[in-house]
Amino acid sequence: TTNEHNWPLCVQWHPKANRVAVGMREGSVYEFDASSGQTTWKQRAAERLAAAIAYTPDGLRFAAGGYEVTRMFEMATNEVVFKMARHDRTDVTALAIDPKGEYAATGGADHLVRLWDLKTGRMLSVLSGHDETVLCLAIDPQSRWVASGAGGGTRGRAGGGRQRGAQRRRGGRADTQDQRDHPAEVGLPRRHLRGTWDRGSDGPQ
């Protein structure tokens with residue numbers, strides 16, 4: 001129900017059906033049949049803001065970000081499959097799932113982007129570099145790059161397609177000098193390393 005205290009924060013189309021999901025300010029997610037307007041699924045997905053939602057590519061699972069935690073639901077049973085919980089004391093404000101359904105990226109009011117393995121729910125990598133809340137995320141169709149947008153106009157990107165960047169890593173961590181010259185190589189899906197965003201870049205070189 002929409003009222004002065006509760007309104008939509010985000011929407012997502014179902015990848016396999018004519019249905020749309022809506023994340024609400026009070027934490028619930030509603031799925032509607034786009035033709036009839038009937039509710040087909042409902043879940044209290046977050047403690048307060050359901051500001052980031054996404055289907056897996058097969059449409060069988062659904063992720064919703066809330067306070068600190070992103071929950072992955074099995075839609076047929078409404079059960080929580082696992083929780084992705086590392087945005088400490090902040091809301092999850094952005095969420096993307098790669099086209100193969102293997103990885104997810106979450107962004108939060110902690111200015112960080114975190115990468116996750118969707119088979120296990122395990123966190124793979126943390127990317128810093130934004131100065132304000134991460135507001136949007138996208139993963140490219142080949143699952144090689146993840147891009148983010150944040151308040152204040154900061155931009156970032158990361159990818160797993162170049163060997164030169166990977167060779168400049170030391171002990172699994174990004175060399176900060178290299179980060180000023182080369183994109184962060186977090187590896188979706190080839191390599192999972194900690195790093196910072198290559199800031200101020202217009203896109204893959």
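Which residues do ring pairs link into a cluster? To find out, open this predicted model and select Trp41, Tyr55, Phe62 and Phe73, the residues that ring pairs join into a cluster.

**Aromatic rings**

A pair of aromatic rings is described by the distance of the centres and the angle of the planes. The structure contains four aromatic pairs. Begin with Tyr30 and Phe32, whose rings are stacked, with 6.1 Å from centre to centre and 15 degrees between the planes. Tyr30 is buried at a relative accessible area of 13%, whereas Phe32, at 26% relative accessibility, is partly exposed.

Next, select Trp41 and Phe73, an edge-to-face pair with 6.2 Å from centre to centre and 75 degrees between the planes. This pair links distant parts of the chain: Trp41 belongs to strand S4 (residues 39-44) and Phe73 to strand S7 (residues 69-74), 32 residues apart. Trp41 counts as buried because its relative accessibility of 7% is under the 20% limit. Phe73 is likewise buried, with a relative accessible area of 2%.

**The largest pocket**

Now display Gln12, Ile53, Ala54, Leu95 and Ala96. Of the 20 residues that line the largest pocket, these lie nearest its centre. The volume of the largest pocket is about 250 Å³.

To see which strands surround this space, colour strand S1 (8-13), strand S5 (52-55), strand S9 (92-97) and strand S13 (134-139); each supplies at least two residues of the lining of the largest pocket. S9 gives the most to that lining, with five residues. What classes of residue make up the lining of the largest pocket? By class, 17 are nonpolar and three are polar, and there are no charged residues.

In soluble globular proteins, nonpolar side chains tend to be buried together. Select Met72, Met84, Ile97, Ala104 and Leu118, the residues with the most contacts inside the largest nonpolar core, which has 15 residues. S5, strand S8 (79-85), S9 and strand S12 (123-128) each supply at least two residues of this core. S9 again deserves attention, as it gives the most to this core, with three residues.

Centre the view on Met84. Leaving aside residues up to four places away in sequence, Met84 touches Glu68, Val69, Thr70, Ala104, Trp116, Leu118 and Gly121. Ala104 and Leu118 are also among the residues with the most contacts inside the largest core.

Finally, turn to a second, separate core of twelve residues, which includes Cys10, Val29, Tyr55 and Ala64.

Terms used: Residues are numbered from 1 along each chain as its sequence is written. This is a predicted model: local features need pLDDT of at least 70, side-chain atom pairs count only at pLDDT 80 or more; totals for chains, interfaces and linings use all residues. Side-chain values use heavy atoms; hydrogens and water are left out. Rings of Phe, Tyr and Trp (its six-membered ring) pair if their centres lie within 6.5 Å; planes under 30 degrees apart count as stacked, over 60 as edge-to-face and the rest as tilted. Buried means under 20% relative accessible area, exposed over 50%, partly exposed in between (1.4 Å probe, protein chains only). Helices (H or I, at least four residues) and strands (E, at least two) are DSSP runs, numbered from the N terminus. On a 1 Å grid over the protein atoms alone, a cavity is a set of points where a 1.4 Å probe fits but cannot get out, and a pocket is an open set with protein on both sides within 12 Å along at least five of seven lines; lining residues have an atom within 4 Å of a point. Grid points are joined across faces, edges and corners, and a volume is the space filled by probe spheres set on the points. Ala, Val, Leu, Ile, Met, Phe, Trp, Tyr, Cys and Pro count as nonpolar, Asp, Glu, Lys and Arg as charged, and the others, Gly among them, as polar. A nonpolar core is a set of buried Ala, Val, Leu, Ile, Met, Phe, Trp, Tyr and Cys residues joined through side-chain atoms within 4.5 Å. Contact means heavy atoms within 4.5 Å.
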